[in-house]
Amino acid sequence: MNKERQQKAGSRMEAETMHENLKDDLLRFARSISRHEQEAYDLVQDAWEKSLKQEALSELPIYKQRAWFFRVMKNRLIDDRRKENRLSVWEEELEQPEEPLAMHRLETTELLGRLTPELSDLVFKRYWLGMNSKEIGEQLGIPAATVRYKLRYAINKLRNFLEDDL
């Protein structure tokens with residue numbers, strides 16, 4: 001038990017020493033690759049959290065520790081950017097068309113009535129209630145990605161209905 005406490009105290013001291021040696025370099029690097037200050041702090045925080053799970057990291061020379069942190073922060077930033085791009089593409093595809101449609105509420109209701117009740121409900125919640133895919137998914141107990149897929153499918157069906165009617 002006493003030996004265990006000594007090991008924890010030793011690893012805590014190693015982590016503190018590593019933090020003191022690297023904190024300025026890590027924040028400088030994070031600021032250079034991020035869009036704004038808060039994002040830089042988030043990158044550094046995430047890297048520190050991951051480092052706590054890497055026991056062998058404190059045994060590496062400082063230049064390798066720094067390289068490990070830089071790689072972790074860069075990979076996290078890349079993952080975040082990819083996620084943003086995927087979500088923005090989905091949202092752009094699902095947005096209402098910018099051109100005004102000369103449709104009356106009755107025509108809209110009729111058009112939605114041609115969809116299945118499930119798809120009609122999704123379109124209503126997204127475009128009339130303003131809920132996002134995550135909120136809809138939580139309410140219905142399905143993944144947000146499934147909601148986006150079904151919304152895209154519903155929008156395409158509505159587009160086809162409109163084209164057929166013209």
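Keep in mind that the model is predicted. Gln65 belongs to helix H3, which covers residues 62–94. Is Gln65 buried or exposed? Its relative accessible area is 5%, which is under the 20% cut-off, so Gln65 counts as buried.

Next, select helix H5 (residues 117–128) and helix H6 (residues 133–140). Their axes come within 10 Å and cross at roughly 135°. H5 and H6 are therefore oblique to each other, and their crossing is right-handed. To see the contact, show Asp121, Leu122, Lys125 and Arg126 on the H5 side and Ile136, Gln139 and Leu140 on the H6 side.

Last, select helix H7, residues 144–165. How far apart are its end C-alpha atoms? The distance is 31 Å, which agrees with the 32 Å that the 22 residues should span at 1.5 Å a residue.

Stay on H7 and colour Val147, Arg148, Leu151, Ala154, Ile155, Leu158 and Phe161, which are buried. They cover an arc of only 145° around the axis, so they lie on the same side of H7. An α-helix has 3.6 residues a turn, so residues three or four places apart point the same way. Now turn to the face of H7 directed away from the buried side: the exposed residues Tyr149 and Asp164 are there.

Methods: Residues are numbered from 1 along each chain as its sequence is written. This is a predicted model: local features need pLDDT of at least 70, side-chain atom pairs count only at pLDDT 80 or more; totals for chains, interfaces and linings use all residues. Side-chain values use heavy atoms; hydrogens and water are left out. Helices (H or I, at least four residues) and strands (E, at least two) are DSSP runs, numbered from the N terminus. The expected span of a helix is 1.5 Å times one less than its number of residues. Buried means under 20% relative accessible area, exposed over 50%, partly exposed in between (1.4 Å probe, protein chains only). The arc is that of the directions from the helix axis to the C-beta atoms. Axes are lines fitted to C-alpha atoms, for helices over the stretch in contact, and angles run from 0 to 180 degrees between N-to-C directions. Angles under 35 degrees count as roughly parallel, over 145 as roughly antiparallel, 65 to 115 as roughly perpendicular and the rest as oblique. A crossing is left-handed if the near helix is turned anticlockwise from the far one by less than a right angle, and right-handed if clockwise. Contact means heavy atoms within 4.5 Å.
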